[in-house]
Structure formats: structure tokens, C-alpha cells
Amino acid sequence: MKIINIAFKDLLRSFRSLFMIGMTVAAPLLLTGLIYFAFGGLSGGDVSMTAMKVGVVNADALPADSPLEAPIGENIRAMFFDESVQSWIEARDYPDEAAARAAVNAQEIGVAVIIPADLSASLLTGENDAPVTIISDPTLTIAPAVVQDMVTMMLDGVSGGGIAIQTVMERQQANGIQPDPAEIPGWVTRYTDWYKDFQRDLFHHPEKAALVLTAPSAGEAESADPIQQMMGLTMAGQMIFFAFFTGAYAMMSILREDEEGTLARLFTTPTERANILAGKFLAVVLTVVLQGLVLMTAGHYAFGIAWGQAASVALALGGQVLAASGLGVLLISFVKTTKQGGPVLGGGLTALGMLGGLFTANIPGGMPAAFQMLANFTPQGWVLKGWKLALAGSAPVDLVLPFVISLALGVAMFAIGAVMFKKRYM
Amino acid sequence: MRIFDLALKDLSQILRDKKVLLFLVVMPIVFTLFMGFAYNAGESGEENADSRLGLAYVDPEPDSRLSQMLFARLEESDAVKVIRLEQAEALDSLRRGEVAGVLVLPGDFDEQARAGKVPQLTLIAESNSSEGQSLYQLLRVPISQLMSAVEIASISAEMQASPAEYSPALELAWAKWEAQAGQERVRLERATARVEASWFGDNPYNQASPGILVQFAIMSLVTSAQILVNERKTRTMQRLMTTAMRPWEMVAGHLLAMFGLVFLQTALLVVFAQLVLGVNYLGEPLGALLVSLALCLWVAALGLLIGVLAKSDDQVVLFSLVAMFLFSALGGTWFPLEASGGAFAALGRLMPSAWAMTGYQNILIRGLDLSAAWLPTAILLAYAVGFFLLAVWRFRKMEI
């Protein structure tokens with residue numbers, strides 16, 4: 001009973017502290033919320049892009065004997081001013097390349113599209129020796145890639161028209177047929193219509209497109225929303241980091257009581273010292289369990305995170321609680337004062353969290369192999385493995401290994417810490 | 001003079017505790033190295049390592065002509081490493097991370113195309129990963145061109161009213177597309193004003209170093225802003241009020257100490273990044289100095305405000321961390337704002353931390369000259385004045 005009383009008193013003290021609430025619940029939610037906000041979560045899962053500022057210099061002119069009505073450069077220019085792209089592209093004209101370059105340097109625009117004077121002539125002759133130049137702000141990666149894609153597709157359409165004319169004429173000649181110039185506009189119209197439909201389907205109608213991108217899990221189960229997948233990993237990383245912080249911070253209550261003199265007073269009462277330590281340990285475990293449950297619930301309702309099968313989640317959370325409590329007891333057993341606790345919690349747990357991969361869980365392709373290997377030597381790394389499996393919808397049997405290792409590490413660290421505390425206080 | 005005395009007292013009080021060095025210098029250096037690795041993950045590696053994206057090619061009909069054309073084109077790619085596999089084997093490879101995607105061709109690829117239908121090719125890849133998206137982009141062009149050749153062949157066969165014409169026309173059209181594939185039709189150029197300036201892909205620390213520098217400048221307030229709280233707790237501030245020292249001198253003294261501490265930290269991190277990581281802050285030394293001075297002044301004013309608002313050491317830590325999280329995330333120190341949503345990016349660009357990043361990026365990545373440092377510096381100074389006035393207002397109220 002005394003163990004429970006001591007644990008309850010510690011819990012009460014913890015949850016009366018603004019700092020504790022801030023660091024256990026508010027901070028991980030704030031960080032996850034910021035990332036959710038950053039990547040479009042607040043707009044209902046629609047990752048709306050930041051509007052791209054594109055400058056266009058169209059110097060293209062029709063050659064003297066051109067069969068075209070307007071220069072091809074005008075089509076490229078019009079693509080950026082089209083109504084359909086106005087929600088995500090802000091386009092403006094520039095008189096020449098120097099003006100566009102100055103605008104990129106001044107960050108008035110992120111990307112400049114320079115259409116050369118002889119683009120139409122070059123495409124009509126099939127020489128293709130007048131490339132369109134895309135000048136981009138070097139801090140950008142997405143906008144230049146999108147603009148390059150748009151220009152390439154447009155040029156492919158034009159080149160395709162040219163290839164269609166050349167192929168049909170050459171094949172007619174090969175078969176001894178004299179091509180009729182009057183038929184050419186008809187071929188071009190047919191090809192152009194086909195190309196427009198093809199591109200529209202490719203970008204807007206996946207069910208009719210020639211290439212579709214499907215998640216590996218599709219077909220086995222409904223594919224998860226990518227935002228939710230990302231948020232799941234982000235939230236898991238934050239939850240683990242702050243669970244380890246909470247484990248250590250909650251254990252610091254023994255140091256605070258020692259400094260305030262209440263621990264010495266407690267030792268004068270007819271309460272066994274082993275029970276006092278057990279009460280403190282119990283408070284740590286309960287605090288980390290409670291924190292995990294609150295963060296999981298908040299993550300589910302605020303960010304739509306599907307944590308996985310109930311048994312798998314229980315194993316992942318169990319591993320987290322045991323490892324975090326164990327490490328908390330171990331770390332604080334080496335610390336003499338609360339003042340020393342600051343750097344141990346700040347530096348030690350941040351370093352272990354980094355090595356465990358908590359801050360890079362969402363990096364595509366992951367960290368270099370050496371870093372991934374290092375994660376196997378940290379309790380945080382194994383807890384993260386458990387959560388990754390749970391979030392991926394794995395069966396409980398798949399989580400047995402990370403759970404057992406987290407449990408073993410937790411028990412070992414707890415045992416060493418308990419021995420240290422016993423030596424100090426008993 | 002009193003202002004300097006007070007600032008020196010604060011600095012000696014802060015630096016007496018050696019653990020401060022952990023927060024001020026060791027942690028930001030470790031974080032910078034770590035984030036540099038993270039930005040560089042998958043991009044660098046060994047000099048001769050094959051950096052192409054692995055693609056498993058699943059073709060139920062290896063004799064299909066269209067499949068052969070596509071496979072041959074992909075084999076020539078510098079960006080994709082394509083290998084033929086059975087579907088089950090390919091999916092296993094994807095699960096094991098040996099390939100970034102699996103391209104599955106339809107069983108009746110040639111027949112569908114010849115019949116005028118659009119055959120659907122499926123790319124199985126993580127759609128939310130950059131590798132998955134890159135593969136999708138890389139495949140779109142050759143597949144579009146292949147389908148274009150099919151359409152041209154159909155037109156040719158119809159024109160000559162001869163189904164036998166389809167195959168030679170397909171070969172001819174594809175040969176013309178192949179000839180175009182080697183031509184540069186779109187040229188990409190990054191607008192760097194200096195030749196030696198480069199995008200962080202060449203030096204990942206160009207993004208990591210200023211990002212961590214700004215983040216840890218704010219985090220340093222965890223230690224420096226506690227001085228004000230401690231002075232109130234130990235009543236030394238009240239004692240100071242009984243002396244001839246004026247309130248504004250007290251505020252200025254504490255501000256100067258915080259500024260000095262943050263500037264010392266910033267200078268150490270800049271020197272480390274310049275000498276060890278090759279981040280060229282000295283490409284425009286005066287510009288880097290101006291931005292750093294303005295950044296440190298803003299952070300010091302923020303620290304003053306936190307010190308005045310907080311009632312305990314714990315609150316200083318909490319307020320400093322919240323400020324660090326907010327300003328770092330919104331200001332684009334963790335990830336470029338370009339990658340975030342519209343509202344976030346718009347809000348983020350207003351943050352002083354974003355202006356500090358812009359100032360550093362103008363020098364490190366854009367390679368611009370001193371003139372590009374003036375605007376970020378001016379805006380950071382305006383923020384510094386704003387935070388300082390807020391702190392003084394709170395300080396006066398607190399003392400009354």
C-alpha cells in the first residue's frame with residue numbers, strides 16, 4: 001500500500017508541474033503538429049504546394065517560311081499563364097534573360113524559363129539545337145523539377161508531331177507512295193489530339209493512364225494515406241524521445257526529495273527503504289504508460305494516425321515503457337544532483353535518440369548503413385523498430401523480437417540502476 | 001560602464017558552469033554533423049558507388065517488342081538500374097529494399113497497343129518516398145515516347161490502309177525518339193552568382209550548418225535567460241534597484257550578456273563550419289557578420305523577454321524550447337520551406353528565423369554579395385527592437 005501511496009504522490013507532483021506537462025505531452029504534440037501543418041495536414045490531407053513563382057522570357061520567333069501560325073515558344077509561355085495552373089503557379093513575363101536572372105537573384109521568382117529565339121526553327125528542322133534554359137534559385141528543388149517536367153512534356157508533344165510527319169512521309173516514300181502535303185494537317189491534328197488526351201489521362205485520370213504508381217501494400221489492404229503514414233512515423237519518433245525524457249525526469253523526483261530533505265524525513269518513518277524506491281519506480285512506469293496512452297489517443301484524433309493492431313500496439317508500447325523506465329532509472333542512478341540532471345537528460349537522451357534514428361525516421365531511403373547499425377545498440381532504436389512494425393500493420397508475432405530486446409534492455413538497465421540506488425540510499 | 005560590469009557578471013556566472021559548453025558548442029556541432037549525414041543520405045556515398053535507382057522489371061511476355069524497346073531504353077539510363085525479375089521475386093526485392101520500385105507490364109502489351117487501347121503499366125513503389133516519386137518521373141518520359149511511337153505507327157498503317165505497315169513504322173518512329181533521347185532540349189541551370197558557390201547537394205552542410213546555428217542560438221537561451229529569473233529569486237535584482245543603476249541600464253546589461261553569449265556561440269559554429277565542414281561563410285565575410293550580429297541581437301532580445309516572463313528555471317527551459325521549436329520549424333531550419341504547404345510556408349517566411357536562413361543562404365548557396373545581406377539584417381534588427389520593447393514593457397510592469 002505504501003508503494004502505491006508513494007507512487008501516487010509522485011504522480012500527483014509530476015502532473016501538477018507545468019514543465020512536466022509541457023515536456024511530456026505538449027512538446028511532442030507541438031512538434032508533430034508543426035510537421036502536420038507544414039505538410040498540408042490541416043487542409044484535410046491535401047498537400048497543397050507553395051505557389052511557384054515562374055518568370056518567362058519568350059524570345060522565340062517564327063522562321064520566314066514557317067507553316068505554323070504562332071511560334072512554339074508561345075505555347076510554352078501560355079502553359080504557365082493558363083487558368084488551370086494559376087492556383088499553384090504565379091507567372092510573369094520578363095523582356096530578356098538578364099532581367100530574369102536579376103529577378104531570380106533578387107528572389108522575386110524561383111524559376112526563370114528562357115525560350116530561345118530560334119526554338120521554332122530548331123524544332124521544325126528537327127535539329128533540336130536550341131534548348132530551353134531553366135534558371136532556378138539554388139535553394140529550390142521541387143519548383144525547377146516541376147517546371148522542367150512541364151517544358152519537357154510540351155516539347156515532347158511538339159517533337160512527337162514532327163516525328164509523326166517524318167515517319168508517315170518516310171514510310172509512304174519507302175512503299176513508293178508520294179506524300180500529299182494536303183494530308184499533313186490532318187495527321188498533325190490527329191496526333192495532337194491523341195497526345196493531349198494521353199497527357200490528360202497520365203496526369204489526371206490514373207484509371208486510364210499508361211503509367212500508374214501503386215503503393216506496395218495495395219492489393220493486400222487499402223493503401224494508407226501518405227500523410228498519415230508520415231505522421232505515424234513522426235509521432236512515434238517524438239513519442240519515443242519524450243518517453244525516455246519522461247522516464248528520466250520522473251526518476252529525478254528522488255534527487256529532488258533528497259535535496260529538499262523530504263527523502264531523509266521519509267527514511268525516518270516506519271517505511272522500508274526498498275518500498276520507497278519501489279514506489280518511485282512504479283511512479284516512473286505509470287507516468288510513461290500514461291504519457292504513451294495520452295499521446296497515442298491525441299495522435300489518433302488530431303492527426304488521424306492508425307497505430308496498428310491492438311496486440312501489436314500493446315507490445316510496442318510495452319517495449320517503450322520498459323526501455324524508457326529502465327534507462328531513466330539507470331541514468332539518474334549516476335547523477336548526484338538535479339543540476340547535473342539537466343545535461344544528462346538534454347545531452348545524453350538527445351544523442352541516444354539521434355543514434356536510435358528517432359529524428360530521421362521519415363528520411364527517404366533512411367540514414368547511411370553505419371547509422372542504421374548503430375541504432376541496434378540503443379534502446380530507442382529497438383523501440384522505434386517495434387513502432388514501425390505496428391504502424392505498418394504487422395502481426396504481433398513480428399513484434400516479438402523488438403519487444404523482447406526492449407524488455408531485456410529495460411530490465412538490465414533497471415537492475416543496474418536499482419543496485420546503484422540501493423547502494424546510495426540503503 | 002555599469003552596463004558592461006553587469007554583462008560581464010552575467011557571462012562569468014553563465015560560463016562558470018562547464019555544462020553550458022555542452023549546449024552551446026558540443027550539441028550543435030554533433031547535430032550539424034548528424035544533419036549533414038541525413039541530408040546527404042543516399043546522395044553521396046563512395047565515389048564509384050552505383051547511385052542509380054533500382055527498378056525490377058516484370059514482364060510476363062519477354063518477347064513483346066514494346067517491352068524490349070522500353071527495357072533497352074531503361075538499360076541505357078544513367079538514373080535507373082533495371083533488372084528483369086519474376087513478380088514474386090521483384091516484390092521480395094522491394095520489401096528488402098534492394099530495388100526502389102517494381103514496374104509490372106501487362107500480359108498483352110503489344111496486342112493492347114496495336115488495338116488502339118492504352119496499355120496500363122504499373123509502378124509499385126512507396127509513393128511518399130522521394131525514390132518512388134523519382135522513379136515515376138523517370139519512367140513517364142520513355143513510356144510517353146513509346147506510346148507516341150505506337151500512335152504514329154497506327155496513323156501510318158491507317159494512311160496506307162495496310163496493317164503490315166504498323167511494325168516498320170513503329171520501328172522508325174521509335175528510332176527517331178531514340179535519336180532525340182540523347183539531345184539536350186531543356187537545360188537546367190542553378191543561379192549561383194559565384195562559380196564556387198554550390199547547392200547543398202554538393203555540400204550538405206550548406207543547409208545543415210545555418211539551420212542548426214539558428215536553432216541552437218535560440219536554445220542557448222535555456223542557460224542565459226535563467227540569469228534574470230535567478231536574480232529575482234535571490235532578490236539580487238531588488239538589491240540592484242536600490243543602487244544608482246537605472247532600470248534601462250539593468251535591461252541593457254542583461255541584453256548585452258545574452259548577445260555576447262549567443263554571438264560567441266555563433267562565431268565558434270561559423271569558424272567550425274568554415275574550417276572543418278567547408279561551409280564558405282567567408283565567401284562574403286561582411287555579409288555573414290551582419291546577418292550573425294542581427295540574428296544574435298534578435299535572439300538576445302527574445303531571451304530577455306523569456307527571462308522577464310518566466311517565473312522559474314523550469315519555465316525558462318520550457319519557454320526557450322517552445323520558442324526554439326516554433327521558430328526553427330516555421331523558419332525552415334529543419335527542412336526547406338519550399339517543401340511545406342502554402343500556408344505554412346507563407347507564415348514561415350515572416351519569421352525572423354526564416355530571414356536569418358535567407359541571409360545565410362544568400363551567401364552560402366546563392367553566392368550573392370554584401371547587398372543581399374542588408375534586407376535580412378534590417379528585418380532581423382526590426383524584430384530585435386520589437387522583442388526588446390516588449391521585454392522592457394514587461395520588465396517595467398514587473399517592477400511596479
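How many Å apart do the C-alpha centres of domain 1 of chain B and domain 2 of chain B lie? The distance is 53 Å. The model is predicted, so local features need pLDDT of at least 70 and side-chain atom pairs count only at pLDDT 80 or more, while totals for chains, interfaces and linings use all residues. Residues are numbered from 1 along each chain as its sequence is written, and chains are lettered from A and ligands numbered from 1 in the order in which they are written.

**View 1. Domains of the two chains.** In chain B, domain 1 consists of 2-42 + 205-399 and domain 2 of 53-181. In chain A, domain 1 takes in 2-41 + 225-425 and domain 2 covers 52-204. The C-alpha centres of these two domains of chain A are separated by 56 Å. The bounds come from an automatic or database domain assignment.

**View 2. Surroundings of B:Trp298.** A:Ala248, B:Trp298 and B:Ala301 touch the most other members of the largest nonpolar core, which has 160 residues. Such a core is a set of buried Ala, Val, Leu, Ile, Met, Phe, Trp, Tyr and Cys residues joined through C-beta atoms within 7 Å. A residue is buried if 20 or more other C-beta atoms lie within 10 Å of its own, exposed if 12 or fewer, and partly exposed in between, with C-beta atoms placed from the backbone. Beyond four places in sequence, B:Trp298 has contacts with B:Pro352, B:Leu380, B:Tyr383, B:Ala384 and B:Phe387; a contact means C-beta atoms, placed from the backbone, within 7 Å. Another core of 55 residues lies apart from the largest one, and its members include B:Leu103 and B:Met159.

**View 3. B:Ser154 in a helix of chain B.** B:Ser154 belongs to helix H6 (residues 130-159) of chain B. Helices (H or I, at least four residues) and strands (E, at least two) are DSSP runs, numbered from the N terminus. B:Ser154 counts as buried because 21 other C-beta atoms lie within 10 Å. Not counting residues up to four places away in sequence, B:Ser154 touches B:Gly116 and B:Tyr166. Between the C-alpha atoms of B:Ser154 and B:Leu305 there are 73 Å, and 151 residues along the chain.

**View 4. Buried side of a helix in chain A.** The buried residues A:Ile72, A:Gly73, A:Ile76, A:Met79 and A:Phe80 sit in helix H3 (residues 72-81) of chain A. They are on the same side of H3(A) because they cover an arc of only 115° around the axis, the arc being that of the directions from the helix axis to the C-beta atoms. Among the elements covering them are strand S1 (52-58), helix H5 (119-125) and helix H6 (142-174) of chain A.

**View 5. Where chain B meets chain A.** The contact takes 82 residues from chain B and 88 residues from chain A. On the side of chain B that touches chain A, H6(B) gives the largest share, 18 residues. Strand S5 (residues 211-214) of chain A pairs with S4(B) in the parallel sense over 4 bridges, where pairing requires that DSSP finds at least two bridges. B:Leu123 in S4(B) is the bridge partner of A:Leu213.

**View 6. Two loop residues of chain B with positive phi.** B:Ala161, in the loop between H6 and H7 of chain B, has phi near 50°. B:Ala161 is exposed because 7 other C-beta atoms lie within 10 Å. Phi of B:Arg235 is near 70°, and B:Arg235 lies in the loop between helix H10 (226-233) and helix H11 (236-241) of chain B.

How values were computed:
Two residues are in contact if their C-beta atoms, placed from the backbone, lie within 7 Å.
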